[in-house]
Amino acid sequence: MIISYPGNLSVRLYKLLMTRIKAMKITVTDNYKEQSELAASLMCNVIENRKNAVIGLPTGSTPLGMYKELIKSYNEGKISFAHVVTFNLDEYIGLPATDENSYNYYMNHNFFSFMDIDKKNINIPHGNTDDVTGECLRYEENIKAAGGMDIIFLGIGRNGHIGFNEPGEFFEPYTHQVILEKSTIDANSRFFGSVSKVPTSAITMGIKTILSARQIVLLASGKEKAEILKEALKGKITPKIPASILQLHEHIDVIADSEAAVYL
Ligand code: GLP
């Protein structure tokens, strides 16, 4: 991959970045189906190589195809989640797990209920709590106690958010409460039927939490992600585009379909 010099970094940091960035692999697939198959196969590799794999999981439209492929592999007897531990990236604040727009509901209805995963190994932030700070600390501790994540899968928001880490003045390191940006609320209102029903805040893994995963897979599909994907992967590393920090990770696969990859 050809990277242009991000002018906001010192030469020393840039050289360090360049040695690391060699580890970033970008795969462009012809279509969404291929992207989903490839993402699922990366997850299967980790599970096959590590019995008690710890996996970070995303929500949104992008990973739905990957979840379908994993369910297919499970039904064909090719994969088991019996010993897998999962941590979801984020959850809305104020929605009970039974609300069909909560990420808890999304995960159960799109994935977990079709798999042989042990319920006690499923971790999703509790968004319907009176003690958000305590919940964030608990979540962070649980990831550590599980031995950290072997791999995490990410989508990317139209403003460059990962998980629910919104653009800002600095990178929030650990699991925290976030106030959602208007553009995120607008984008996600398609699931809620109206903008006014979208929660205004969420709990999300922090940037350091995400980067602590031993492997990262970033998924982007569709032309509406093309511009932000280019900025995130080829532009300056800045908290104004949270996904840009992924350039610093030592083991990252970007899987983009041809529409999302058009400017790469
Ligand atoms: C939400 C999620 C993100 C996800 C993003 C993009 O805001 N919190 O984790 O990456 O949406 O979703 P989509 O794949 O639907 O574009």
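Q: I'm looking at the second largest pocket: how many residues line it, and which of them lie nearest its centre?

A: There are 14 lining residues, and Glu 166, Pro 167, Gly 168, Phe 170 and Glu 172 are the ones nearest the centre of the second largest pocket. Keep in mind that you're looking at a predicted model.

Q: How does anyone find space like that, and how much of it lies in the second largest pocket?

A: The general idea is simple: roll a probe the size of a water molecule over the atoms, and you see where empty space is left. In this case, the second largest pocket holds about 170 Å³ of space.

Q: Which strand gives the largest share of the lining there, and what classes of residue make up that lining?

A: Strand E7, residues 176-179, gives the largest share of the second largest pocket's lining, with three residues. Sorted by class, that lining has seven nonpolar, four polar and three charged residues.

Q: Now the largest pocket: how much space lies in it, and which residues are closest to its centre?

A: The largest pocket has about 630 Å³ of space. Its lining counts 35 residues, and Thr 59, Gly 60, Ser 61, Asn 188 and Arg 190 are closest to the centre.

Q: Which helices and strands supply at least two residues each to the lining of the largest pocket?

A: Look for strand E4 (90-92), helix H4 (103-110) and helix H6 (182-192). H6 provides the largest share, seven residues.

Q: Where does the ligand sit, and which residues come nearest to it?

A: You'll find the ligand in the largest pocket. Around the ligand are 13 residues, with Ser 61, Thr 62, Asp 90, Arg 190 and Lys 225 coming nearest. By class, this shell has three nonpolar, seven polar and three charged residues.

Definitions and conventions. Residues numbered from 1 in each chain as written. Predicted model: local features only at pLDDT ≥ 70, side-chain atom pairs only at ≥ 80, totals over all residues. Heavy atoms only, no water. 1 Å grid on protein atoms, 1.4 Å probe; cavity = no way out; pocket = protein on both sides within 12 Å on 5 of 7 lines; lining within 4 Å. Points joined across faces, edges and corners; volume = space filled by probe spheres on them. Helix = DSSP H or I, 4+ residues; strand = E, 2+ residues; numbered from the N terminus. Nonpolar A, V, L, I, M, F, W, Y, C, P; charged D, E, K, R; others polar. Near = heavy atom within 4 Å. Sits in = over half its atoms within 2 Å of the grid points.
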